[in-house]
Amino acid sequence: MSLEKQSNEEIRASGMKDDALVEEHVRLHQIKHEPTKGFLQAPLIFVFVFGCLIFLCSIQLALTTNDFQLHPPKEADTETPEQKEANRWAKKLSAGKKVFLANCSSCHKPNGVGEPGVYPPLAGSNWVTTDPALITNIILKGLKGEIKVNGDTYGTTGIAMNSIAISDRQIANVVTYVRQAWGNEADPIEIFEDDVASVRAEYSEKQDQWVFKQLKDIYPEALFGD
Amino acid sequence: MKKTSEQHIDQSAKLAFSFFIASAGLWLLAAALLAYIAAAKLTDPLFLASWEIFTYGKIKIIQANAFVYGWGGNSIFAVSLWIIARLSQSLIRGSTFLIFAGTVWNLAITFGLFGILDGYMLGHELLEMPKEVWPALFVSYLVISFLILVVFRSRKQSTTIAPQWFIVAALIWFPCLFIFAWSGLEINPGRGTLSSILSIWFGQNIIWLWLTPVALGCAYYIIPSVLNRPIDKYYLAIFGFWCIAALAPWSVVHHLEGGPVPMWVPAIGTVMSIAMVFPIAVASTNFHSTAFQDISRVWNYLPLRFVIFGTLSYTISSYIGVIFSLPAVAKLTQFSIINEFHFNQRVYGFFSMIIFGIVYHILPQITGREIGTAAKNFHFWTSAFGVFAILLAYLIGGLTHGVLAQQPSLEWVTVIESVKPYFLITEYAFIILGFSQLVFVLNLWKVLVPNPFACCDSGAKQKTA
């Protein structure tokens, strides 16, 4: 507490003069190889700590700089292949169902039972579940005249399904949908856009609608019972 | 003989130093008033609501500019002039030019701030003053820094020491920063996000490469000078200096975390601010291991108490700043009032405290008149209390704000209501700080412009003593 009474002026007077201050620090600055005295006692710990920091910094940089790209990366891909496949399948079925409800269900009914004597059923019909090219062809061109499905006769008038404007992709979706809906079991179950395109190309010459006899010639094994 | 040479230098510096520090004091008062208005408007939006010029956006910006360029700029000129002259052991020439350029600098800031009030604000951080005033500011700055560098050039000892590095570097860095930012923002504006990156880069670097080095230089000067012992582990100082020069300009962009900029920009900023641990550790080792060897003298000599408060606050808050730059933490706090904490700890807790200390150290030597101990003590304690209150309020309030704003179930109003108490604390703290700064300016002016009646009195006292 004796120092307490020292006035500011005395403190300043007892301080280092500026030229001495400069000289002292210049001397300290010019010492290159001073022995351990006055240096930090634990330089190795410091080296270790700073080394760890640099290491952590580099990891951080590697993880977050995104390779110095301009745009951020896409959403992280955490799904397994199985999950991806399941998602794609569910998407395809819901798309097919949408097409079916919009274009087909007014006649074939949402549950695929059709209407006796006029619109044939899709549920439990071997027209649907055998060769996928058959149903694709009917969707592409339409059908006229009488047909037999599961022993019953349907369709006295021509049905111009080819007037429905849907793409190959949508046809593939809806065919896939009806081949597995309402207890239908088909093999192969899934139809792709390319299959539809090849059917469309194969019968591109044909202008009018199919009749039962023509189809039976092309797909004998599909329609063997009818 | 030595004593007289120092007195000669003081005599040559007296005019310019008094001019700069007196105007710095006036700007400090203006900034304190504006800071109070801005803080009051946050707690009561109807406060002064009927005047368009007192809009929060304008007041806040004017406060920052008056503080950084008015108080910061003038006090930097004053203390760097004196310290450079003292360490170079050479006289200051061209005081007329210094005062003329200083007048231009102050007038330009005044016009600029009125320009902001009148609606001519630019959209760049700390470059908000209208375009027209910048040439005047820039040229007057060049004149002043040129005259200081002339003094530095004529130094007796050719090898330089730490305070000289920091102060001279700050004098040179400011125009470099300005030219770089100004050409990229106004002369040849960059496209896309470049302007936002440049804007925050400049605004933060003004603090890191202009205010901070000057304050560090002052501390590197006053601590050995008063304690009469060289800086401990001085060989680290050069490392700290180059670390700040190399890392600080990179580290500031971590404030863009989560912003619409390429990802590597904030990532680099984060890494560089972690690396800023080195220079912070160096500076705090240098200062504190020297100062704590003679802590009683630090405590008793009030200017040094101010400086050590500043360096301690620098150390602690810089480490806190490093923590807040980590992406995991920044995600929470990025868009909260924590940014106020960063700005205020740097300008109030660190820069201003050190400048107060060094001015209290210089003034009696230049004018030969002591400042009353009670007044200085009052200033210290109110400053310290105000700074503590502001920083704690912004820190805790910022964390609360950031964490609550992340809860999607909470309404925005609820979040703001929960931060309101902290705004109230800062409002009162700004009142306290304003009083303490008023005391500082009164102390300053009382010494610079003595009362004619008190003058005869003290003259008589001196004669008798």
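I count Ala, Val, Leu, Ile, Met, Phe, Trp, Tyr, Cys and Pro as nonpolar, Asp, Glu, Lys and Arg as charged, and the others, Gly among them, as polar. This is a predicted model, where local features need pLDDT of at least 70, side-chain atom pairs count only at pLDDT 80 or more, and totals for chains, interfaces and linings use all residues. Residues are numbered from 1 along each chain as its sequence is written, chains are lettered from A and ligands numbered from 1 in the order in which they are written, and side-chain values use heavy atoms, leaving out hydrogens and water.

I noted about 870 Å³ of space in the largest pocket. Its lining has 41 residues, and the closest to the centre are B:Glu125, B:Gln204, B:Asn339, B:His342 and B:Phe343. By type, I found 20 nonpolar, 15 polar and 6 charged residues in this lining. The largest share, 8 residues, comes from α13(B).

**Entry: two residues in helices**

Here a helix is a DSSP run of H or I with at least four residues, numbered from the N terminus. I found B:Ser145 in helix α4 (residues 133-153) of chain B. B:Ser145 counts as buried because its relative accessibility is 5%, and buried means under 20% relative accessible area, exposed over 50%, partly exposed in between (1.4 Å probe, protein chains only). Next I checked B:Ile431, in helix α15 (residues 412-448) of chain B. B:Ile431 counts as partly exposed because its relative accessibility is 31%.

Notes:
1 Å grid on protein atoms, 1.4 Å probe; cavity = no way out; pocket = protein on both sides within 12 Å on 5 of 7 lines; lining within 4 Å. Points joined across faces, edges and corners; volume = space filled by probe spheres on them.
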